[in-house]
Each structure stands twice: as structure tokens, then as C-alpha cells.
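Please open the model in your viewer and keep the selection tool at hand. The tour below goes from one selection to the next and says what is to be found at each stop.

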Amino acid sequence: MSGALSVVGACPLDCPDGCSWVVTVEDGKAVKMRGNPDHPYTRGALCVKVNRYLEHTRADDRILYPMRRTGPKGSGQFERISWDEALDEISVRLRAIVDEHGGEAIWPYLGTGTLGYLQGCEGVAGRRFWNVLGASKHWLNICSAAGSTGLRRTLGNAGGMDPENFALSKLILLWGTNTLTSGHHLWKFIQDARANGAYVVAIDPIRTRTADQTDEHLAIRPGTDAALALGLLNVVLAENAQDEEFLAAHTEGWEQFREEILSYPVERVAEITGIPAEAVHRLGTRLAHTRPTALRATHGLQRHAGGGTALRTIASIPGVTGDWRHPGGGVAYSTSDHVHLTIDTRDDLLARPVRTRVMTKIASQLDDVKCLWVYAANPAGSSPDANAIRRQLARDDLFTVVVEQFPTDTVDYADIVLPATMQIEHYDLHAGYGHMYLAWNEPAVEPPGECLSTTETFRRLAAHMGLKEPSLYDSDLELAEQLLASGHPSMEGITLDRLRKEGWVRMNYPKPFAPFAEGFPTPSGRLRFPPAGQAYVPSHTASADRSVYPLTLITPASHMFLNTTFGNNPELRRRAKDPVVLVHPADAEARGLTDGQRVRVHNEGGEFLADVEISDRVAPGVVASPKGRWPKFSPGGANPNAVVAERDGDMGRGPAFHDNLVELSPVS
Ligand SMILES: Nc1nc2c(c(=O)[nH]1)N[C@H]1C(S)=C(S)[C@@H](COP(=O)(O)OP(=O)(O)OC[C@H]3O[C@@H](n4cnc5c(=O)[nH]c(N)nc54)[C@H](O)[C@@H]3O)O[C@H]1N2
Ligand SMILES: Nc1nc2c(c(=O)[nH]1)N[C@H]1C(S)=C(S)[C@@H](COP(=O)(O)OP(=O)(O)OC[C@H]3O[C@@H](n4cnc5c(=O)[nH]c(N)nc54)[C@H](O)[C@@H]3O)O[C@H]1N2
Ligand code: SF4
Ligand SMILES: [Mo]
């Protein structure tokens, strides 16, 4: 009797788990969403953030119409206008800017709001259009650039282990990763391994909810992980447990790296990392004698001045132990490099080569930009040096367009706001970066109000501007076909028809999969150990003068928000409570701070407010306050990015979100 329909889709959020979901639609309304029970990685579960996604799509504060600013920049005062009026104004302004300043004065600032290959940062939306205008290129370095670069230098490809193979591991190191918060679906595979006797260790300056569930937690001093890796290998050599055959057949630079390892005896490593020598020795011994060993090292680890090097040296561990031979051994960081969805974004449409603007440098690289076009991003909440960003966004000579679903702090500075569809309302193609599957997202319902998908927004704008280039008008399904036609063996037999019918599909890799068992995709075919003297780069906070700002601030993933996405969700905000900063009892006592007391967390860049939570979950000298809150919903109107410096890490210009010094002072 009921006309209920099941529509298979995919979570768009920047999360490794890339869940497949099923939406039940009745009378054109989405009434239920659940994790796809058939998907081998989703296994029927979503997460605390997304369980009420349908309510979020219908939230009162959803942006439903184009708007034009009426108040001063930053005020968030707008009037509704029609799409025609919006496109008129945008066309006129873009043309004038290109004529007067050249196309490079336009910065298309694309973030990670959706990982879709059509609508979001992995893919195509807007890129051909920007090439026609000759706009600056955008480098999305905010998340994983340092670690990926480090891994590629060692391995040739950052893809690493199939995370499902954690079920086969006997020793698991959760290294700078908070699995139960930032990608909990891996946990089921870890539990499977434990059922077979695996030992699980967390290496994290914070005793996280994940660390609570492990067999052992090593509270490492932030930014010293590469030194720990060298110390563990020192023990492996002392135990004579290196895999000589693998070293000879599949690596290069071993003689020299061996010397480097020998210069990191456990006592020295204990000194650097703050982990007792005895614990380093015990874990090193375990590592020496346990095959296969799997390392889960994710992004938290590389948000430091030495973060790229940390991943490079950590990826060398299985090269020494020979774990890369085994499906349950190696390092899992991001599976992105195993994904071969490619499309021609038509750089040939550029009249001449253009400069690149760096996502994390919006505070300092906006000076000569005349149009900032923000989509799927919230720089006022997520990017470093937040106070400087606001000063830039407030400039009267800057024309800012923000394409959004919700009225973020960034929207408050827009000249024109365009309403964007959410995931149940548009097509998209996805590849989780924590597993080996592609997923298709079929729209389940009509968009509310006048929301348009990003692809459609660019098609309409191109038409409004009278642009003739035919490829600007490719439909979503045509673009998806192009993406799937890369010709890579991992894509053989994976067609759009099949994806739309089945919802998700595993890329053509063997199962179980050991990517580097037979060699590495480097020029020599060998794993490249770090060059002499470059196996450990200390973090900023490990080497800077700490006399004025003595505490290292870590700003990890929040359990209730996904970056700043959901920072306006009433239920998740209620559950996240007021912002806190974790402070070790000794540091609290030294400052006369009491539990629950509100403090200013400050440095030369600015300050934010939080309530002290005295806790031995952090080591002395380390404080922590999660990312993701909207500044305008935070006490004092700022979140932790007010004290995060715009500083490059050692590789890929990765940002240093967890590598900043602060002081705490009572709010008077
Ligand atoms: N709930 C939730 N899930 C998320 C996100 C979110 O905001 N909320 N964000 C998503 C995104 S965009 C990403 S990139 C991933 C990030 O996922 P994770 O990699 O888990 O990121 P973080 O929470 O930044 O850091 C993980 C852990 O690293 C620790 N850490 C910090 N510095 C160091 C160090 O120097 N050494 C070691 N060993 N550990 C260190 C932190 O204390 C933290 O517990 O998660 C995704 N998933
Ligand atoms: N202090 C601190 N800051 C951090 C981090 C940290 O560890 N510490 N982590 C960093 C990391 S890992 C990341 S990845 C960045 C993320 O930073 P951003 O890329 O800026 O991501 P979000 O803050 O989630 O903002 C994404 C916005 O996109 C919108 N959106 C979602 N889907 C769509 C869509 O289909 N179309 C359009 N037009 N908009 C959409 C959402 O509503 C949301 O407002 O944050 C970084 N910021
Ligand atoms: S945020 Fe991550 S865990 Fe939650 S539904 Fe999306 S992909 Fe799954
Ligand atoms: Mo990220």
C-alpha cells in the first residue's frame, strides 16, 4: 500500500569511512536513513554525527534562496534575491575583475565540505569554468598534504594497507589517530583481530576514548613520533629481527638508515619523546617478534612542523620488519592513492599558466585577490590565523561569493550567498579514503527552496555569462561516466550503470591485498629510507622558546562535529556542551586554575575562551581543545584557530594545527 522507496546514497563528509547509506522515501519525503547493512565497511552503522542527517537537511537555518548582503561585512544581514539577480551581479563583477586585474585576481576557494567527485573537493565542479576565466589555482593542502608527501617519498604511493586487513594483524599501533571519534568503522576490524589475540597500542599525547579501549597507551610528547619510530627500530635491530631478505630485495638506503637507527638508543628516545625507556623497549621487542604488525597513522600525527617526516619514517618500519609482505602488515593512512577516478579538468582552456593560491594561507595570500569564491569550505572557522582572515574578509574591495547550506561565520562576510543542495538532493560519486570501495549517491528527494547543486550552479553561471565552451555544460551523469573511464585496471568493469544498480563496488584489488609485497611504485621499485639526518624533524613546539607561551595546544577532532560541519546543529551542540580545554593537574596548579573555570587560551595570534577541565588525560605541558565549533556560537566569538599560526610544515606545505604554543589566563 505505501509507496516507500529505498534509495542508496553515500555520506559526503570528510571522514575516512565513506559510508554507504539507505534513505527511505515516502510521498517524496525522506523519512528514514540508515547505514547500508550490505556494505562490508559500513556494516549497517553510521555515526553520532550523521544519524540525524535528515533532520539537519530540514533545519530552520538552512539557506534556501540566493541572498545579497545588506549590512556591513561580517554582520550576516542579507536580503533574498532571485537567481537571475544573483547571476547578473556575479557575472558583471567577475567580468570587471578579469578585465581590470586579470583572471588570477579570482580565488576559487574549495574546501572539504563534501568529498564528492562531482560536487566536491575530489572532483570537477567549477574547475573547467575557472580555467575559462583564467582564475588562480587552489591548492587544497589543509588536511593531509604533509603525510601523503612523506609516504610517497618512502613508498612511491601513499595508498598503503587495505584497512579491512587489520582483522589479520597480531599487533596494532594506533599512532596519532583517534579511531573511535574520527573513523570508528575500523574498530570492528580491530575487534576481529583482538578476538585472534592481537595486542593494541595507542600512541597519542592525549589519552583519548580510543586509547581507553586499547591494551596500552603511550603518552608521547607532541611532534616526536619519528624519534619513537627510530627507537623502536633500534630494538628490532638489537633483537636481530630485521627482515634481511626483504631489505635486500625491496629497499634502498638501508646501510645509511641503519646507522641512523643505531644513533637512537632507547634512552635517547625516552628523553626526546617523554615515554619511559622501559616502555619503548617493551614495544620494540613486541614489534620485533610479531608478524604481521599494522600501523594506523592518520592526520593528527602530521599536523606538526615535522609531520611529513614522521609519516616517512613510520612507513619505513614495515620495510625493516618485512611487514609490507603480509596483508595484515604495513601502514594505513589514506587509501586515496589507490583510487583511479580521473577526469580532464581542461587546463588547455587556460590562456596562459596561472599562479596557485594555498588553502591554508588565506590570511596572507588574499591581499591582491579581488574575488573570493568559497564553496564547501568555512575558512572563518577552519583555517589558521582566524583573526587575520576576518580582517581580510572585511575588505571592501573584495567581492566574496559563498555557496553554502548554512549561515556560517564565512557566510556573514559574503556579498552574495548561493544556496547549495545537500547530499540527499544531488548526484555524486565517492571513494572512502579509509577503505577500497566506490559508492554512488543517487538523489532521494527534490532540493528544498531554490537550492542548486554545485555542478548546476556553474552550468547556469556559464550560460548566464554566455560562455561557449561545450564541456562546461556536461551533465552530472556525463561527468560521472568520464570519471569512471580512467582505464586503470582497478576500474575494469566498473560502470555507471553497475554503480547505480549496486550502490557501491569494491575497486579491483585482490582480497586480501598487500600492495607492496612485490615491490614499490618508486622509480627504482624499492622502498626509499629517509636520507641521512632527515629521519626526524622536531616539531615547532619541541624546539621553540617556551618562556612566554609554555603550553603545546592540540586541537583534535571533536566527537560531535565534523570539522565545522554540524557546528550549528542544536542537538549536537547540546551534546558537545561548552568548550573545554584539558589541562594537566600540575599545569592547573601552577596557574591557580580550578576545574570548570573559564580561561583565555592565548598567544601572539589571538585568543579563545574555554572552561578548564583538569585531567591527567593530557601530559604536563600539553593542553587540548577540539576543533569544529563555530566562532559565532563560541564564548568570545572565537574558536581555537585564533591561536593556530599560519605556518608550513616540513612537506607539502601541510598546516601545523597541533603545533602551537599558548598560555592560559583566568578571565577576569
Ligand atoms: N568526529 C569527527 N570525525 C572526523 C573529523 C571531525 O572533525 N570529527 N574530521 C575528519 C577529518 S577532516 C580528518 S582529516 C580526520 C582526522 O582524524 P585524526 O587523524 O584522528 O585527527 P586528529 O583528531 O586531528 O588527531 C588524532 C589524534 O592525534 C593526536 N596527536 C596530535 N599530535 C600528535 C603527535 O604529535 N603525535 C601523536 N602520536 N599523536 C598526536 C591527537 O591527540 C588526536 O587524538 O578525521 C575525520 N573524522
Ligand atoms: N584547529 C584546527 N583546525 C582544523 C583542523 C584541526 O585539526 N584543528 N583540521 C583541518 C582539516 S583536517 C580540515 S579537512 C579542514 C576542513 O575545513 P573546511 O574544508 O573549511 O571544512 P568545514 O569546516 O567542514 O566546512 C565545510 C562547509 O562546506 C559546506 N558544504 C557541505 N557540503 C556542501 C556542498 O555540497 N556544497 C557546498 N557549496 N557547500 C557544502 C558545509 O555546510 C560547511 O559549512 O579543517 C581544518 N581545520
Ligand atoms: S561521518 Fe564518517 S562515520 Fe559518519 S556516516 Fe559519514 S562516513 Fe560514516
Ligand atoms: Mo581533514
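Begin by selecting Trp324 and Phe516 in this predicted model, and colour them by accessibility: Trp324 is buried, and Phe516 is buried as well. Of the 21 aromatic pairs that the structure holds, these two residues make up one, with an edge-to-face arrangement in which the centres are 5.0 Å apart and the planes stand at 70 degrees. If you now show the chain around them, you will see that the pair links distant parts of the chain, 192 residues apart. Trp324 belongs to the loop between α14 (317–321) and β13 (330–332), while Phe516 belongs to the loop between β20 (504–506) and β21 (527–528).

From the loop that holds Trp324, follow the chain to β13, and then display the open sheet of five strands to which β13 belongs, with the order β10-β9-β8-β12-β13 and parallel pairing. Its edge strands are β10 (216–218) and β13, each of which pairs on one side only, and from one strand to the next the twist averages 20 degrees. Within this sheet, select β8 (residues 171–175) and β9 (residues 199–203), which run parallel and are joined by five bridges; one place to look is Leu171, whose bridge partner in β9 is Tyr199.

Next, move to the open sheet of three strands, which has the order β1-β2-β3 and antiparallel pairing. Here the edge strands are β1 (5–10) and β3 (29–35), each pairing on one side only, and neighbouring strands are turned against each other by 30 degrees on average, when direction is ignored. Between β1 and β2 (residues 20–26) there are six bridges in the antiparallel sense, and Val7 has Val23 as its bridge partner in β2.

Now select ligand 3 and show the residues around it, among them Cys11, Cys15, Cys19 and Cys47, together with Asp17, Lys49 and His185. How does the shell around ligand 3 divide into nonpolar, polar and charged residues? Seven residues of the shell are nonpolar, two are polar and two are charged.

For the last stops, return to the aromatic rings and select Phe129, Trp130, Trp373, Tyr375 and Phe458, which ring pairs link into a cluster. Then look at two places where an arginine lies over the face of a ring: Arg43 is over Phe189, at 4.4 Å from the ring centre, and Arg573 is over Phe633, at 4.0 Å from the ring centre.

Definitions and conventions. Residues are numbered from 1 along each chain as its sequence is written. Chains are lettered from A and ligands numbered from 1 in the order in which they are written. This is a predicted model: local features need pLDDT of at least 70, side-chain atom pairs count only at pLDDT 80 or more; totals for chains, interfaces and linings use all residues. Side-chain values use heavy atoms; hydrogens and water are left out. Rings of Phe, Tyr and Trp (its six-membered ring) pair if their centres lie within 6.5 Å; planes under 30 degrees apart count as stacked, over 60 as edge-to-face and the rest as tilted. Helices (H or I, at least four residues) and strands (E, at least two) are DSSP runs, numbered from the N terminus. Buried means under 20% relative accessible area, exposed over 50%, partly exposed in between (1.4 Å probe, protein chains only). A charge sits over a ring if NZ of Lys or CZ of Arg is within 6 Å of the ring centre and within 35 degrees of the ring normal. A residue is near a molecule or strand if one of its heavy atoms lies within 4 Å of it. Ala, Val, Leu, Ile, Met, Phe, Trp, Tyr, Cys and Pro count as nonpolar, Asp, Glu, Lys and Arg as charged, and the others, Gly among them, as polar. Two strands pair if DSSP finds at least two bridges between them. Axes are lines fitted to C-alpha atoms, for helices over the stretch in contact, and angles run from 0 to 180 degrees between N-to-C directions.
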